[in-house]
Amino acid sequence: MLFIDEAYSLVPIATVKAHTGNLFAKLAVENRVQIALLVRDAEE
């Protein structure tokens with residue numbers, strides 16, 4: 001797991017989580033693995 005110190009981050013962790021959640025919803029996936037599979041299948 002990558003450790004990110006929010007004090008040194010340019011973007012608040014909450015913002016990243018919100019954008020990630022929106023992306024998951026738009027792609028109708030629940031996690032990063034499903035996104036990777038979606039991309040892989042789209043390239044075939």
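This note goes through a predicted model of one chain, point by point.

1. **Overall make-up.** The chain has two helices and zero strands. Of its 44 residues, 7% are buried. The accessible surface comes to about 4,200 Å². Carbon and sulfur atoms account for 62% of that area.

2. **Helix α1.** This helix has 15 residues. From its first C-alpha to its last it reaches 21 Å, close to the 21 Å expected at 1.5 Å a residue. It covers residues 13-27. F24 is one of the residues in α1.

3. **Helix α2.** Twelve residues, 32-43, make up this helix. At 1.5 Å a residue they should span 16 Å. The end C-alpha atoms are 17 Å apart, which agrees. Q34 is one of the residues in α2.

4. **The loop and A28.** A28 lies in the loop between α1 and α2, just after α1. Its phi is positive, about 60°, although A28 is not a glycine. This is a backbone angle to look at in the viewer. Is A28 buried or exposed? Its relative accessibility is 70%, so A28 counts as exposed, the cut-off being over 50%.

5. **The cap on α2.** Which residue caps the N-terminal end of α2? N31 does. A side-chain oxygen of N31 lies 3.1 Å from the backbone nitrogen of V33.

6. **F24 as a buried residue.** F24 has a relative accessibility of 17%. Buried means under 20%, so F24 counts as buried.

7. F24 and I35 are eleven residues apart along the chain. Their C-alpha atoms are separated by 7.9 Å. Q34 and F24 are ten residues apart in sequence. Their C-alpha to C-alpha distance is 9.2 Å. Q34 has a relative accessibility of 32% and therefore counts as partly exposed.

8. **The salt bridge.** How many salt bridges does the count give? The count comes to one. R40 forms a salt bridge with D41. The closest N and O atoms are 3.2 Å apart, and the cut-off is 4 Å, so the pair qualifies. As background, side chains of opposite charge can pair when their charged atoms come close. R40 is partly exposed, with a relative accessible area of 45%. D41 is partly exposed too, at 42%.

9. **The nonpolar patch.** L10, V11 and V16 make a nonpolar surface patch of about 310 Å². V11 lies in the segment before α1.

10. **Points to keep in view.** A28 has a positive phi of about 60°. N31 caps the N-terminal end of α2.

Key. Residues are numbered from 1 along each chain as its sequence is written. This is a predicted model: local features need pLDDT of at least 70, side-chain atom pairs count only at pLDDT 80 or more; totals for chains, interfaces and linings use all residues. Side-chain values use heavy atoms; hydrogens and water are left out. Patches are made of residues with over 30% relative accessible area and no salt bridge: like charges are joined within 9 Å, nonpolar side chains (Val, Leu, Ile, Met, Phe, Trp, Tyr) within 5 Å. Accessible areas come from the Shrake-Rupley method with a 1.4 Å probe; for residues, only the protein chains shown count as cover. A salt bridge is a side-chain nitrogen of Lys or Arg within 4 Å of a carboxyl oxygen of Asp or Glu. Helices (H or I, at least four residues) and strands (E, at least two) are DSSP runs, numbered from the N terminus. Buried means under 20% relative accessible area, exposed over 50%, partly exposed in between (1.4 Å probe, protein chains only). The expected span of a helix is 1.5 Å times one less than its number of residues. A polar contact is a pair of N or O atoms within 3.5 Å; within protein, one must be able to donate a hydrogen and the other to accept it, and residues adjacent in sequence count only if both atoms are side-chain atoms.
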